[in-house]
Amino acid sequence: MEKVISFLEEQVNESLVQVILSNSRNKERITKMKLHPVIIKGEVRFQIERYIGTKVLHENLTKEAAVQTILDALGKDFGQLELESANLRGTVLIGKRGTVSLKVKRKNTPDKKTAVPDHNRRKQYILQEGIPVPFLIDLGVQTKEGKIIHAKYDKFKQINRFLEFVRDVLPALPKDKKLSILDFGCGKSYLTFALYYYLKILNGYDIHVIGLDLKEDVIDACNQLKEKYDYHDLMFLKGDIKEYNDMEQVDMVVTLHACDTATDYALFKAITWNARVILSVPCCQHELNKQIDSRLLQPVLKYGLLRERISALLTDGIRANLLERAGYETQLLEFIDMEHTPKNILIRAMKKDGFQKRQQNELEELIRELQGELTLERLLKSKEGF
């Protein structure tokens, strides 16, 4: 295996064409993996593509992380690796008993070196630049010709990133009924309109979407736009997350940048409704920050900035564990780059049949150590059977 490690460390560079991992040993989990170099913000990175069922998940890594990812997957998940660079082709075979075979063949005529593709230029967005979208024009993201307004390009990328998350969760949503979707704290509703447009207009899903927010003028403006577009299955209401009880069942709950405990109430509502999908980007996690009192962590908690950030991360970690306890398969994912906003963690939770609810003694120990209680934990304790 040492020869394979050396081979990968040498060949994973700008001259790499691609790496393909195949002969999956767990096709229910992952069928194939690919890797190739890209340029992101002027630096070489290596994009991993993981093929899981009908989904393809992407991740951009440094060379060291990319090599380690390949090594971790080789043998465990895959029995074969094929590598092509400008100068050679290599094959690694892993036998069922752990035998390792490495074969390398030099190219008679090395390929002419081509530029590593620029990830930002070649990115294929779900909503593409140059194709006018009515709500993006009215919300000031696009011109009438479909050109992205420079000052709104980050918003354009954020919208598309959100739609990628939506695309990934579609297999978890029922297909034999009209889907009910609720967006808590919708604000100006860039993402609510994008969600409706993607599911209803582009993909023909039968849906009913409600956007909820406290600002009456914002709600009025959004309702005027939805009437303008004839989006009959989209409506906006003035209301508080905590007090909203107008629906008995919801398939998908979205809550983006709901402040502090508003996120907890939204997650609790979603669990109560037995929502199949939850997408949440928390914001302003003050609750634990006011309570946290850990002797173990005190040397770092005495610094206000660190206390704030640690409290925010712990809050979202505890929320994710509470969702798992409630029967949701949960992930914490990066929503957008840190340079755009520090509030960039997205909690993605999917209710799956047969997913084992987790009894987490370690979580109880952590909460006791922090000497704090989150609103979501308190609400769930009051829920019968939790």
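## Cysteines

In this predicted model, cysteine 284 is partly exposed, since its relative accessible area is 22%. A disulfide is counted where two cysteine sulfur atoms lie within 2.5 Å, and by this rule the count comes to 0 disulfides. Cysteine 284 accordingly belongs to no disulfide, and the nearest cysteine sulfur to its own, that of cysteine 283, is 3.2 Å away.

Cysteine 259 is likewise in no disulfide; its nearest cysteine sulfur is that of cysteine 284, at 3.7 Å, which is beyond the cut-off of 2.5 Å.

## Strands 6 and 7

Strand 6, covering residues 88–94, and strand 7, covering residues 100–106, run antiparallel and are joined by 7 bridges. One of the pairings is that of glycine 90, whose bridge partner in strand 7 is valine 104.

The two strands form a hairpin with 5 residues between them, and in the turn glycine 98 has a positive phi of about 90°.

## Nonpolar surface patch

On the surface, Val300, Tyr303 and Leu306 form a nonpolar patch, and together these residues have about 250 Å² of accessible area. Within this group, leucine 306 lies in helix 11, which spans residues 304–325, and leucine 306 is partly exposed, with a relative accessible area of 37%.

Notes:
Residues numbered from 1 in each chain as written. Predicted model: local features only at pLDDT ≥ 70, side-chain atom pairs only at ≥ 80, totals over all residues. Heavy atoms only, no water. Patch = residues over 30% accessible without salt bridge, like charges linked within 9 Å, V, L, I, M, F, W, Y side chains within 5 Å. Areas by Shrake-Rupley, 256 points an atom, 1.4 Å probe, with all protein chains shown as cover. Salt bridge = Lys/Arg side-chain N within 4 Å of Asp/Glu carboxyl O. Helix = DSSP H or I, 4+ residues; strand = E, 2+ residues; numbered from the N terminus. Buried < 20%, exposed > 50% of the residue type's maximum accessible area, 1.4 Å probe, protein only. Pairing = 2+ DSSP bridges.
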